[in-house]
Amino acid sequence: MTEYLQQYWPYTVTGFVFAFTIVLSAFVILYKRNERAAIAWVGLIILSPIIGSIAYFLLGINRIKRRAVRIRPHALEQLETLESAQTDINKLSSKFSSIDSSCTISDCTKGPTLLINSLTANPLTQGNSIIPLVNGDAAYPEMLEAIRKAKHSLCFETYIFKYDEVGKQFVEELGNAVKRGVEVRVLIDGVGQIYSWPPIVRALNAGGIPNSRFMYSLWPWRMPYLNLRNHQKILVIDGEIGFTGGMNISAANAMDTKINKKIRDIHFKLEGPLVAHLTEAFADDWHLTTNESLVGSIWFPVLINKGNIVARGITSGPHESFERMRWILAAAISEARKSLCIMTPYFLPDETISAGLRLAALRGVEVDIILPEKNNMPFINWAAMARIDELVSVGCRVWLGKSPFNHSKLLLVDNYWALFGSSNWDPRSLILNFEFNVECQGKKLVRQLSSIFDLELAQSRSVSLSELNNRSFLVKLRDGIARMCSPYL
């Protein structure tokens, strides 16, 4: 027997590896909906069976779909509470006159809104106030002041929560809220939390602040998806005042700090019926993580009109039966008639979105895309530059923004419709991550956002087709290789 094993074990191992490679490749082909991702994974598994298989088990299997099917139906309690609150809001809304009669739900029958009605569950709400807050210098003081005034409840969800001078301020105010008797819940992404050292959870626990980490595990076989992240940024005070956008909690977001690598970003303060959408998104994620249901008037109070903006919150994630944000971006692009203004830090559009942008430019839409010239993740910029020429060649204008790195996410359509939130224009954000975005219409708000966009545009430089064509062979090769890796980015 020993002689047999010594003589034939290499063939046995080779046969096992070959069979395993075939089975795993078949699994990828059957269950990966994205063809490019499927081809990339199958290629990696065949060329390097051991490394490719390990990488696929850690990064490629979306276990969250099955888990979400089991858990998220229990979140119907939150949904029923939200619908009840929305009914009360609608009853009350007749008592409040609309400040801008041109911006009511009944008037929102043009542009992307009609298409988005069929792509998302949340209804449009009117009577909202939305205030842009540029950089942490404007956002953090507003958020901290709101936390200080919290009376009943506070829910806070973020991807990165650093233990630095800004993070310590938030921990202190959250701890003070707990001491006042406020019901506080803090949710941090299980992957994003590693950006903080020492871990922010130590400070939260020391302050007696109820917190949890979204899909966190030290054991790889229990990790639902290393690539999957809760990228949402949500803060809601007493169910009435909300903050959302793309900003994490970090001193790097404050321009007046001495940190070298600063990050520019836009956050938003929200009031009105729209805030219920933020609370419901948090309650859903909190329930998924902790099995605790957040229900009742302290979390979902009756909300009254606070402004003249029509808006809705849009959640998306890998548990959905379709790639919601990807289709919403495609819908917005297809409905543009005059202008498309895009600002995003990570730009890796798939063929559907890329083709939509090219067609928009060809039919006369002014397409402006602002990307950071110096990205905090250089390989994503390399991947983006590999196919930028396809857009520039048909009339899309691509701009590279100045430093510091701009992490803002913004889409403006025809000067009347806007989308902002946590989603980037890359596969990870549009397919793998849990995200929260806001669709809105309101002349004054869109003018404000257009001014922010125009200011960034004025300080950016355009990318010409000749510049792209004149890149060296090695740079083009580097960018092309990075683009081929986009399914893994």
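1. Strand β9 (residues 309-316) is mostly covered, with seven of its eight residues buried; buried denotes under 20% relative accessible area, exposed over 50%, and partly exposed in between (1.4 Å probe, protein chains only). Strands here are DSSP runs of type E with at least two residues, and helices are runs of H or I with at least four, numbered from the N terminus.

2. The model is predicted: local features need pLDDT of at least 70, side-chain atom pairs count only at pLDDT 80 or more, and totals for chains, interfaces and linings use all residues. Residues are numbered from 1 along each chain as its sequence is written, and side-chain values use heavy atoms, with hydrogens and water left out.

3. Strand β9 has antiparallel partners. Seven bridges join β9 to strand β16 (residues 435-441), where S316 stands opposite E435. Two bridges join β9 to strand β1 (residues 125-134), also antiparallel, and T125 stands opposite A311 in β9. Pairing of two strands requires at least two DSSP bridges between them.

4. The criterion is a side-chain nitrogen of Lys or Arg within 4 Å of a carboxyl oxygen of Asp or Glu. E439 is buried at a relative accessible area of 2%, and R312 is buried at 1%.

5. The count of salt bridges comes to 20. Among them, R185 meets E183 at 3.1 Å, N to O; R185 is buried, with a relative accessible area of 10%, whereas E183 is partly exposed at 35%. In the bridge between R461 and E467, the closest N and O atoms are 3.0 Å apart. R461 is partly exposed at 32%, and E467 is partly exposed at 29%. A network of salt bridges links E145, R148, K149 and E173.

6. The whole structure holds ten aromatic pairs. Rings of Phe, Tyr and Trp (its six-membered ring) pair if their centres lie within 6.5 Å; planes under 30 degrees apart count as stacked, over 60 as edge-to-face and the rest as tilted. F156 and F170 are stacked, because their ring centres are 5.9 Å apart and their planes lie at 20 degrees. F156 belongs to strand β2 (residues 153-158) and F170 to helix α8 (residues 165-179); both residues are buried. Ring pairs link Y140, F156, F161 and F170 into a cluster.
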